[in-house]
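The sequence and the model are shown first, and a description follows.

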Amino acid sequence: MGWLAAFADEHWPTAVGVVVVVALWRMIMAGLRVLDPEQAERKPPADDEPQVPVGTAGSMARAVAKWLVLAVVLAALTGYGLYRLLGRPTLPSATSFTTTELLDLLKIGLAVVGGLGAVVALAVAYRKQQVSEAAHHIAAWQEQRERTKFLNERYGKAAEQLGHDKSAVRLAGVYAIVGLADDWPAQRQTCVDVLCGYLRMPYPEDSSERQVRQAIITTLLDHSWDNAWDTKAVVIDFRNVEFENLDLSRRTFAGNFNFDHAVFHGDLTDFGSTTFTGVVTFRGARFKSKSTLFSEITGRDAVIDFSEATFSGDLVEFSESRLTNTTVDFNGATVEDAQVNFEWGVSENSAIRWDRAELRNATIDLSSTVFLPGRVTADTPTALSFRYAQADGSSIKLVGSRFVNTTLNFEGGRFTDCAVEAHDLELNDVDIRTDLTAPPEFAAAVRRLAGGG
């Protein structure tokens, strides 16, 4: 450790000098802040104020003075270091300098003065650069503020059009709101919510008003010009909306769509040939149309949720559906005097759940439907489930269906005056779960399924 002691003994003055210089610099900066009222009283900008770069407050003279102080301090530190490095030499007397040496000293002095002038020039240039950046930030902020003001004015005018007495003006307001949503990503969801909220108003008797409502529905669902909207980021909220003869066939539901507690009535509600790749909910919805079509739908990594929904029309059609990694959930749904038809469908690693559903004089037809396991996983998917279902006078048809390495679950269900039609049924490595004890006829039919169809 002798070398460390020798090093400390030789260089401790330099280290002390560095510490003193840093402390002096901090004291100078603190003093300048105290002497500069504008900088001392400066507060952080509010959210609606521009973010001005640090260093633009205060006068030019103070900025130059700070840089000169820094330059002098660095020069002094450098001179002291050279003085130590040269072994603390003693300066000769003034009478011992020759004319040539005096000229050399004069050149050194002029170089020092020139260096200080260069420092001043650099400080002025740097200060101008900071001020220029600050002006750019302020200009950008003012431009954004004016644009936001303009967009707010457009929003106000469009909202006034939606509330106009004439349907043609309201229709123009619909397209104005949609155009605004394209130009205003920050408030895009708000624009969509305004249109969805308009649909929640009482259902009109006027045919022209119905055209306005239909324009809103089709525009929201079909809008994809220049990929302006990211459907996964925009939530289409149709909760509590009343639809008559709704036609949403051959569309793609790729985001989050909410039809909870909506009412569907008329002769036909058509979702046929649609593609579902996100989450679409119909929780608590009422399907009162004579025919409700979900035929030939495609589900890929989707959830189609009919929990607590009510089906009271004549026919609910899901025939020829193609489901992959998809759940169709009728948990707690009610089907009364209606036929729900899943014929000729293919379900791969998917589930159709009727848990806790209430079936009254209903027919659930899954004839010629194929249930496949899909990807190999630790848990066997429940392909078809009627857990704790309450059925009265209903029938379940599995004629010609095929189940492969899946689960068919009737646990906890109560089936009164119900029947299972299951001839030509094919079961391959199927787990049939049941604890049925009554009524005897239905329990016997399920046990025959467990015994091999």
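## Aromatic pairs

In this predicted model, the count of aromatic pairs comes to 35. A pair of aromatic rings is described by the distance of the centres and the angle of the planes. One of these pairs is formed by F253 and F276: the ring centres are 5.2 Å apart and the planes stand at 10°, so the pair is stacked. The two residues come from distant parts of the chain, with F253 in strand β3 (residues 252-253) and F276 in strand β7, 23 residues apart. F253 is buried, at a relative accessible area of 1%, and F276 is buried as well, at 0%.

A second example is the pair of F330 and F342. Here the centres are separated by 6.2 Å and the planes meet at 90°, an angle over 60 degrees, so the pair is edge-to-face. This pair also links distant parts of the chain, twelve residues apart. F330 belongs to the loop between β16 (327-329) and β17 (334-336), whereas F342 belongs to the loop between β18 (339-341) and β19 (346-348). Both F330 and F342 are buried.

Another phenylalanine, F271, is placed in the loop between β6 (268-270) and β7 (275-276). Is F271 buried or exposed? With a relative accessible area of 0%, F271 falls under the 20% cut-off and therefore counts as buried. Leaving aside residues up to four places away in sequence, F271 touches L246, L248, S249, F253, F259, F264, F282, L293, F294 and I297. One of these residues, L293, is 22 residues from F271 along the chain, and the C-alpha atoms of the two are separated by 5.6 Å.

## The chain and its parallel sheet

The protein chain has eight helices and 32 strands. Eight strands form an open sheet with parallel pairing, in the order β3-β7-β11-β15-β19-β23-β27-β31. Its edge strands are β3 and β31 (426-428), each of which pairs on one side only. Within this sheet, β7 pairs with strand β11 (residues 298-300) in the parallel sense over two bridges. T275 stands opposite T298 in β11.

The chain comprises 453 residues, of which 38% are buried. Among contacts with a separation of 6 or more, 61% are between residues 24 or more positions apart. The accessible surface of the protein chain comes to about 25,100 Å², and carbon and sulfur atoms account for 55% of this area.

## A buried asparagine and the cysteines

Where is N409 placed? N409 is part of strand β28 (residues 407-409). Its relative accessible area is 2%, so N409 is buried. The side chain of N409 reaches the backbone nitrogen of E411 at 2.8 Å.

How many disulfides does a search of the whole structure find? The search finds zero. Two cysteines may be described individually. C196 counts as buried, at 1% relative accessibility. C418 is also buried, with a relative accessible area of 11%.

Most residues other than glycine have a negative phi, and most peptide bonds are trans. D417 lies in the loop between β29 (414-416) and β30 (419-421), while D424 is found in the loop between β30 and β31. D417 is exposed, with a relative accessible area of 64%. D424 is likewise exposed, and its relative accessible area is 64%.

## Accessibility of selected residues

The table gathers values for several of the residues discussed above.

| Residue | Relative accessible area | State |
|---|---|---|
| F253 | 1% | buried |
| F271 | 0% | buried |
| F276 | 0% | buried |
| N409 | 2% | buried |
| C196 | 1% | buried |
| C418 | 11% | buried |
| D417 | 64% | exposed |
| D424 | 64% | exposed |

Technical notes. Residues numbered from 1 in each chain as written. Predicted model: local features only at pLDDT ≥ 70, side-chain atom pairs only at ≥ 80, totals over all residues. Heavy atoms only, no water. Helix = DSSP H or I, 4+ residues; strand = E, 2+ residues; numbered from the N terminus. Buried < 20%, exposed > 50% of the residue type's maximum accessible area, 1.4 Å probe, protein only. Polar contact = N/O pair within 3.5 Å; in protein donor to acceptor, adjacent residues only side chain to side chain. Contact = heavy atoms within 4.5 Å. Phe/Tyr/Trp six-rings, centres within 6.5 Å; stacked < 30°, edge-to-face > 60°. Disulfide = S-S within 2.5 Å. Areas by Shrake-Rupley, 256 points an atom, 1.4 Å probe, with all protein chains shown as cover. Pairing = 2+ DSSP bridges.
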